[in-house]
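This briefing concerns the structure shown below.

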Amino acid sequence: MQKMGLWTILEGFLLLANALAILNEDRFLAPRGWSFSEFSAGRTKSFKGQLIGLIYASQYMRVPLILLNAICIVVKLVSG
């Protein structure tokens with residue numbers, strides 16, 4: 001059985017950030033009431049407001065996510 005190390009945890013967070021970054025507001029978030037206009041209405045302290053903020057932060061960080069994905073792929077190719 002393989003132990004979960006720091007690299008595996010970081011890969012998991014990278015996968016989670018990728019999943020949040022690809023969510024489309026018009027097709028997925030707005031029909032469920034999770035649009036950015038609802039987030040900016042002042043309910044940022046609630047759990048839902050925090051989660052919407054996390055989704056939008058990950059969407060703005062797409063270029064660094066692309067770089068982190070490329071680094072992760074290269075490390076996996078080199079290490080086997």
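Glu-11 is found in helix α1, where helices are DSSP runs of H or I with at least four residues, strands are runs of E with at least two, and numbering starts from the N terminus. The model is predicted: local features need pLDDT of at least 70, side-chain atom pairs count only at pLDDT 80 or more, and totals for chains, interfaces and linings use all residues. Residues are numbered from 1 along each chain as its sequence is written, and side-chain values use heavy atoms, with hydrogens and water left out.

**Glu-11**
- Glu-11 has a relative accessible area of 17% and is therefore buried (buried means under 20%, exposed over 50%, and partly exposed in between, with a 1.4 Å probe and protein chains only).
- Apart from neighbours within four places in sequence, Glu-11 is in contact with Cys-72 and Lys-76, contact being heavy atoms within 4.5 Å.

**Helix α1 against helix α5**
- Helices α1 (residues 6-21) and α5 (residues 62-79) pack at about 140° with axes 11 Å apart; axes are lines fitted to C-alpha atoms, for helices over the stretch in contact, and angles run from 0 to 180 degrees between N-to-C directions.
- The helices α1 and α5 are therefore oblique (angles under 35 degrees count as roughly parallel, over 145 as roughly antiparallel, 65 to 115 as roughly perpendicular, and the rest as oblique).
- On the α1 side, the contact includes Trp-7, Glu-11 and Leu-14, and on the α5 side it includes Leu-65, Cys-72 and Lys-76.
- By class, the contact of α1 with α5 has 8 nonpolar, 2 polar and 3 charged residues; Ala, Val, Leu, Ile, Met, Phe, Trp, Tyr, Cys and Pro count as nonpolar, Asp, Glu, Lys and Arg as charged, and the others, Gly among them, as polar.

**Helix α1 against helix α4**
- The axes of α1 and α4 (residues 47-60) cross at roughly 95° and come within 8 Å.
- Helices α1 and α4 are therefore roughly perpendicular to each other.
- Ala-17, Leu-20 and Ala-21 of α1 meet Leu-54, Ile-55, Ser-58 and Gln-59 of α4.
- This contact of α1 with α4 has 5 nonpolar, 2 polar and no charged residues.

**Whole chain**
- The chain has 5 helices and 0 strands.
- Of its 80 residues, 21% count as buried.
- Among contacts between residues at least 6 apart in sequence, 57% join residues at least 24 apart.
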